[in-house]
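Subject: Structure handover

Hi,

Here is the structure for you to pick up.

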Amino acid sequence: MNTQRISAVPPMIDRYGRIIDYLRISVTDRCNLRCVYCMPAEGVEWKPHGDMLSFEEILRLCGIMAGMGIRKVKVTGGEPLVRKGVAGFIAKLKTIPGIEQVTITTNGILLEEFFDEAAADGAGRPVDGVNISLDTLDPERFSRLTRTASDAFVRGQGLPAILRALDRAQTLGIPVKLNCVPLRGFNETDLAGIAALARNVNRAVRFIELMPLGSAGSLEPIPGAEVAAMLEQAYGKLIPYTGRLGNGPAEYYSLPDFAGKIGFINAVSEGFCETCNRLRLSSGGILKPCLSSDTGKDLRALLRGGAPDADLAAAVAELVAQKPPSHNFSAVYERERTNHVSGMYHIGG
Ligand code: SAM
Ligand code: SF4
């Protein structure tokens with residue numbers, strides 16, 4: 001944590017009174033999986049490296065935004081851990097004055113390697129928290145959901161590698177949240193088992209409602225209320241948890257005899273926009289005010305055009321002023337029809 005020299009910065013507040021202090025950075029569109037709700041089966045056309053922001057460019061932007069009130073950073077993707085050098089990049093992010101928390105969201109396949117690399121670099125705790133996506137504990141369904149049936153490594157080793165990384169994070173004392181997207185016809189029989197990963201260990205298991213982005217439009221979500229009913233049937237009454245846990249929109253609950261918490265991100269059936277605190281930076285350098293936004297600021301063009309810090313800060317402030325009151329998934333459906341890319345791998349879910 002690095003709070004010195006910058007504590008006097010006033011918070012960045014949008015026109016709806018929301019404090020914007022959280023930046024999600026997608027460091028790559030690439031991924032070693034092809035989850036059915038996120039990526040097209042054939043994968044995506046990979047951006048040439050030169051089109052992605054370099055780590056130095058991202059660090060410069062983060063320094064500027066920390067000076068404007070950003071306090072927490074999430075490194076995501078695509079799969080952030082497939083980008084070479086990400087451990088060193090995260091170590092540098094953690095030293096930026098004003099940035100209080102750096103966390104990652106990962107599918108977990110390369111997480112052990114990341115921990116090893118960070119340990120070899122002598123980093124203490126390499127990140128302040130890890131969100132690991134896990135939609136099933138069954139190897140066959142894992143292959144089907146992640147479309148990795150033909151990938152010998154992921155088919156055989158993927159799920160065990162994720163579970164080992166989960167234990168390792170626990171051993172390192174890194175807070176873990178598990179993210180699961182319930183999908184009708186794919187993983188309804190797994191949900192109680194995934195929730196049970198929070199029974200003996202104090203970690204959070206969150207159920208994220210399917211959002212109609214990218215290739216998800218044709219899939220059927222299982223609404224949060226239905227998942228909650230399933231869990232109550234298996235484990236007893238869900239008791240609302242009023243304490244603070246994380247920076248995001250999840251609502252948390254306790255279950256009898258559970259050491260950890262169960263979270264619900266009911267993005268579609270309930271919405272979470274009133275308390276939205278975030279901006280999103282795509283790997284190509286577009287800063288977006290909302291995950292359903294079609295518009296954004298092209299910070300890469302400004303960076304590479306030689307813009308001074310003051311111009312970059314002005315662009316960020318202008319974007320915050322344009323942050324919409326809520327997401328608009330029907331506009332996303334419309335965009336999909338005209339073939340714009342908007343899967344989570346692209347926006348930085
Ligand atoms: N590859 C990493 C991972 O899977 O955790 C980070 C990027 S992924 C886009 C971030 C999160 O977005 C994951 O937890 C994933 O389950 C979620 N996600 C992707 N597409 C989604 C969709 N259409 N609806 C809801 N969540 C989605
Ligand atoms: Fe990759 Fe994450 Fe998207 Fe799955 S959800 S395809 S792991 S980016």
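Predicted model: local features only at pLDDT ≥ 70, side-chain atom pairs only at ≥ 80, totals over all residues.

The shell around ligand 1 holds nine nonpolar, nine polar and two charged residues. In total, 20 residues surround ligand 1. G78, E79, S133, M211 and M344 are the closest. Strand 3 (101–106) and helix 11 (344–347) each contribute at least two residues to this shell.

- S133: a polar side-chain atom sits 2.6 Å from an oxygen atom of ligand 1.
- M211: a backbone N or O atom is 2.8 Å from a nitrogen atom of ligand 1.
- G78: a polar backbone atom is 3.0 Å from a nitrogen atom of ligand 1.

How much of ligand 1 does the protein bury? Taken alone, ligand 1 exposes 540 Å², and the protein buries 96% of that.

Now ligand 2. Its surroundings are C31, L33, C35, Y37, C38, M39, G78 and N107. By class, that shell has six nonpolar residues, two polar ones and no charged ones.

Last, the second largest pocket. Its volume is about 470 Å³. The lining comprises 25 residues, with G248, P249, A250, E251 and F264 nearest the centre. Helix 7 (224–235), strand 8 (251–254) and strand 9 (261–265) each give two or more residues to that lining.

Best wishes

How values were computed: Residues numbered from 1 in each chain as written. Chains lettered and ligands numbered in written order. Heavy atoms only, no water. Near = heavy atom within 4 Å. Nonpolar A, V, L, I, M, F, W, Y, C, P; charged D, E, K, R; others polar. 1 Å grid on protein atoms, 1.4 Å probe; cavity = no way out; pocket = protein on both sides within 12 Å on 5 of 7 lines; lining within 4 Å. Points joined across faces, edges and corners; volume = space filled by probe spheres on them. Helix = DSSP H or I, 4+ residues; strand = E, 2+ residues; numbered from the N terminus. Polar contact = N/O pair within 3.5 Å; in protein donor to acceptor, adjacent residues only side chain to side chain. Areas by Shrake-Rupley, 256 points an atom, 1.4 Å probe, with all protein chains shown as cover.
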